[in-house]
Amino acid sequence: MNDQTMTPEERAANLKGMGSSRKRVEDVRFTQGKGNYVDDIKLDGMLFGAFVRSPYAHARVVSVNKEAALAVPGVVAVLTAEDLAPLGLHWMPTLAGDKQMVLADGKVLFQGQEVAYVVAEDRYVAADAVELVEVEYEELPVLTDPFEALKSDVVLREDLEGQTEGAHGPRKHHNHIFTWEQGDKDATEAVLAEADVVAEEMVYYHRTHPCPLETCGCVASMDKVTGKLTLYGTFQAPHAIRTVVSLISGLAEHNIRVISPDIGGGFGNKVGAYAGYVCSVVASIVTGKPVKWVENRMENLMSTAFARDYWMQGKIAATKDGKITGLWCHTTADHGGFDACADPTKFPAGFMNICTGSYDIPTAYLAVDGVYTNKAPGGVAYRCSFRVTEAAYFIERMIEVLAIKLNMDAAELRRINFIKADQFPYQSALGWEYDSGDYHTAWDKALKAVDYDGLRAEQAQRIEDFKAGKTRKLLGIGLTHFTEIVGAGPVKNCDILGLGMFDSCEIRIHPTGSAIARLGTISQGQGHATTFAQIIASEIGLPADDITLEEGDTDTAPYGLGTYGSRSTPVAGAATAMAARKIRAKAQMIAAYLLEVHDDDVEWDVDRFAVKGAPERFKTMKEIAFAAYNQAIPGLEPGLEAVSYYDPPNMTYPFGAYICVMEIDVDTGEWEVRQFYALDDCGTRINPMIIEGQVHGGVTEALAIAMGQEIAYDEMGNVKTGTLMDFFLPTAWETPNYTTDHTVTPSPHHPIGAKGVGESPNVGGVPAFSNAVHDAFRPFGLVQSHMPHDHWRIWKIANGLGMHG
Ligand code: PCD
Ligand SMILES: [Cu+]
């Protein structure tokens with residue numbers, strides 16, 4: 001068959017464009033061990049850097065003695081804060097408007113904090129020398145509880161002493177960072193005072209960590225001859241890193257080239273800047289040699305960005321029939337020793353104000369207090385946009401708690417409070433405009449798919465049997481309907497360090513009709529090389545297989561804010577479609593010229609422009625591409641390329657309905673997920689297979705978080721979960737089977753109607769698992785208990801309810 005005889009549908013299928021489950025093109029490399037990660041980069045004369053870290057969570061650093069370390073053959077340098085101070089690099093700005101020590105300056109504030117940086121000829125020598133650096137500490141009282149920290153006389157941040165204004169307004173106490181308020185406090189309190197029913201609960205979302213398979217690292221290479229610094233690293237935002245490095249080092253931005261090579265998972269962990277980057281750059285400038293720094297697993301878990309640690313006190317008000325009238329939330333946010341949260345500047349608690357969820361709640365109020373403690377800094381998304389999983393967990397727990405209070409079925413309570421399809425665009429009480437949604441359709445589809453009524457009947461029977469002594473296993477049905485907010489973001493209200501959160505795509509069509517596209521984002525496993533080529537294929541009619549995609553090199557890619565917060569599809573995906581449309585507009589003029597008709601007399605048909613009313617007269621995109629390079633077309637420049645910088649008018653609001661069916665053994669606390677159903681609506685679907693993979697990965701991380709994963713500290717501030725022996729990372733053994741499903745409610749403002757999906761499964765998954773545990777014990781009186789629901793904690797619930805005899 002050729003172009004003449006194929007139907008439009010056949011021609012479209014050939015393109016492998018949007019909607020096609022095209023196989024991931026990047027996997028050919030990865031499955032053959034041909035990936036190129038930071039640790040694969042080996043440069044001539046490369047040195048290695050390693051950190052001396054504090055064993056104490058809070059201590060004064062009395063002295064650092066480098067002598068023994070420097071005497072080890074192969075050790076090139078040992079850097080301390082004193083060495084960095086003359087360069088002004090012993091502290092660095094954080095993404096949240098705070099500053100953070102690069103190397104301990106007088107004291108340490110968390111276990112694992114960087115104290116000195118050893119540079120040596122190889123990694124082993126560096127590790128040996130780390131052991132020989134003698135640091136004298138004087139222990140200080142440790143604060144690991146944010147509520148205690150707000151009452152304590154102990155001043156954690158002596159550098160801020162007496163400073164009553166922070167980056168986000170007044171500070172109430174020397175360990176207080178900010179208060180962030182949204183919504184109407186007085187109106188909400190009035191609604192609570194008059195309500196038929198008010199449910200109140202403390203919902204804790206524990207501290208955890210993204211723990212990507214590849215830890216964080218970089219290679220800094222300063223070429224003293226050209227004056228050019230090349231910085232390879234595991235960066236989720238390479239351009240932002242380039243700008244930050246330029247601003248803090250004083251090197252001109254055009255002399256810095258940042259390259260994110262292949263990344264082995266990011267999950268938010270690789271958004272911010274770490275001491276290792278600064279020290280490696282300094283060491284390379286000082287020694288004139290490339291310097292590599294790669295964390296080990298313990299360092300990654302102990303010192304790089306944590307996630308969550310939100311104590312959310314909630315009150316939810318409703319009428320007797322279950323119509324929600326108001327929501328109140330006060331959150332105490334444990335930020336650790338420095339405020340290094342990765343959120344857009346104006347949102348110190350991220351998009352936590354999406355906590356009214358999928359429900360039409362007329363009145364609401366949210367306040368968040370950020371607090372310093374002796375824990376590692378961070379506060380990254382870990383697969384949930386900015387504090388969206390916290391918000392979704394909060395509201396989905398509050399709904400369950402309210403259902404208990406009303407003695408109502410939790411599925412029905414949700415249904416009567418959903419925002420209705422005809423209410424979109426919907427203005428929420430806490431300030432967001434939800435772009436589109438159809439929650440009732442998704443919910444009914446989900447309940448039907450799992451036979452919800454049948455499950456409840458089975459559960460009722462199980463309770464009978466349990467009471468009759470016939471079984472020791474309970475059945476829990478965990479429900480969740482979540483609304484995400486992704487795609488930061490409109491430049492008017494979203495920036496990071498003053499950089500507006502637009503994104504970009506540049507497409508260059510080659511004469512023979514193939515192309516290269518470059519984006520300001522960076523894949524960490526999401527499959528951008530596969531999916532973004534699909535958008536271009538559908539927009540301009542060239543096969544996806546003929547389109548190369550490149551990200552992560554700031555010397556070639558257009559400026560963009562990177563990949564996190566599921567923003568690539570909503571923002572860079574939109575830029576991709578817009579750039580492609582610019583190309584198509586020029587192609588239309590070329591086609592009209594070639595076909596000797598007016599521009600308006602040709603129309604687009606899958607992969608070609610055809611003369612209106614005469615479809616047999618056409619020019620394919622391939623022909624047009626060639627013409628762009630070999631014909632002198634009056635009034636048109638040669639070539640065929642375009643760039644788009646896209647500032648989205650709004651965020652996108654993906655949503656979903658998740659249901660988890662869990663069996664729980666009351667005697668051992670063991671759990672087993674019998675069924676997990678995930679319905680996602682991410683608007684127009686680019687690649688259904690990749691979406692399914694994203695959902696599998698995200699729900700597995702949700703399972704980890706809800707059922708065991710935790711960064712736990714003892715009272716001394718020691719990290720108790722610094723290895724994968726203690727930090728739960730699910731394997732194929734623990735991971736259940738998932739059933740995925742979807743509805744499609746396109747985003748009205750996105751050029752192709754797509755919303756993000758990468759984070760949704762974590763946002764929806766965590767409450768689904770947790771609600772399943774709670775639901776199993778609901779008939780026996782459980783209202784609220786804290787995650788992670790490991791076997792021990794579940795056993796304790798059963799024990800506390802008197803179920804052990
Ligand atoms: N509608 C639609 C949407 C989407 N998609 C697809 O899917 C994916 C995803 O997307 P999104 O949602 O847009 O996202 P992004 O931006 O791209 O990414 C990001 C995300 O992503 C996720 N996923 C993943 N995967 C992998 N493999 N790895 C990784 O690392 C990761 N990470 C995670 C996270 S965490 Mo953050 O950072 O926390 O904030 S955020 C995040 C891509 O490929 C795309 O294209 C499709 O197809 N369709
Ligand atoms: Cu988050």
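Colleague: Which residues come nearest to ligand 1?

Modeller: This is a predicted model, where local features need pLDDT of at least 70, side-chain atom pairs count only at pLDDT 80 or more, and totals for chains, interfaces and linings use all residues. Residues are numbered from 1 along each chain as its sequence is written, and chains are lettered from A and ligands numbered from 1 in the order in which they are written. A residue is near a molecule if its C-beta atom, placed from the backbone, lies within 6 Å of it. Of the 39 residues around ligand 1, those that come nearest are G268, G525, S568, T569 and G758.

Colleague: Which element gives the largest share of the shell around ligand 1?

Modeller: Helices here are DSSP runs (H or I, at least four residues), numbered from the N terminus. Helix 15 (528-540), helix 16 (568-595) and helix 18 (688-707) are the elements that give two or more residues to the shell around ligand 1. The largest share is four residues, and it comes from helix 18.

Colleague: How many charged residues are in the shell around ligand 1?

Modeller: Asp, Glu, Lys and Arg count as charged; Ala, Val, Leu, Ile, Met, Phe, Trp, Tyr, Cys and Pro as nonpolar; the others, Gly among them, as polar. The shell around ligand 1 has 23 polar and 11 nonpolar residues, and its charged residues number five.

Colleague: Is R242 buried or exposed?

Modeller: R242 sits in helix 8 (residues 238-249). Buried takes 20 or more other C-beta atoms within 10 Å of a residue's own, exposed 12 or fewer, partly exposed in between, with C-beta atoms placed from the backbone. R242 has 23 C-beta neighbours inside 10 Å, so it counts as buried.

Colleague: Which residues is R242 in contact with, leaving aside its neighbours within four places in sequence?

Modeller: Contact means C-beta atoms, placed from the backbone, within 7 Å. On that count, the partners of R242 beyond four places in sequence are E253, I256, V258 and T554.

Colleague: What is the radius of gyration of the protein chain?

Modeller: The chain has 20 helices and 35 strands (E, at least two residues). The globule rule, 2.2 Å times the number of residues to the power 0.38, is set against a radius taken over C-alpha atoms. For 805 residues the rule gives 28 Å, and the chain comes close to it, so it is as compact as a globular protein of that length, with a radius of gyration of 28 Å.

Notes:
Contact = placed C-beta atoms within 7 Å.
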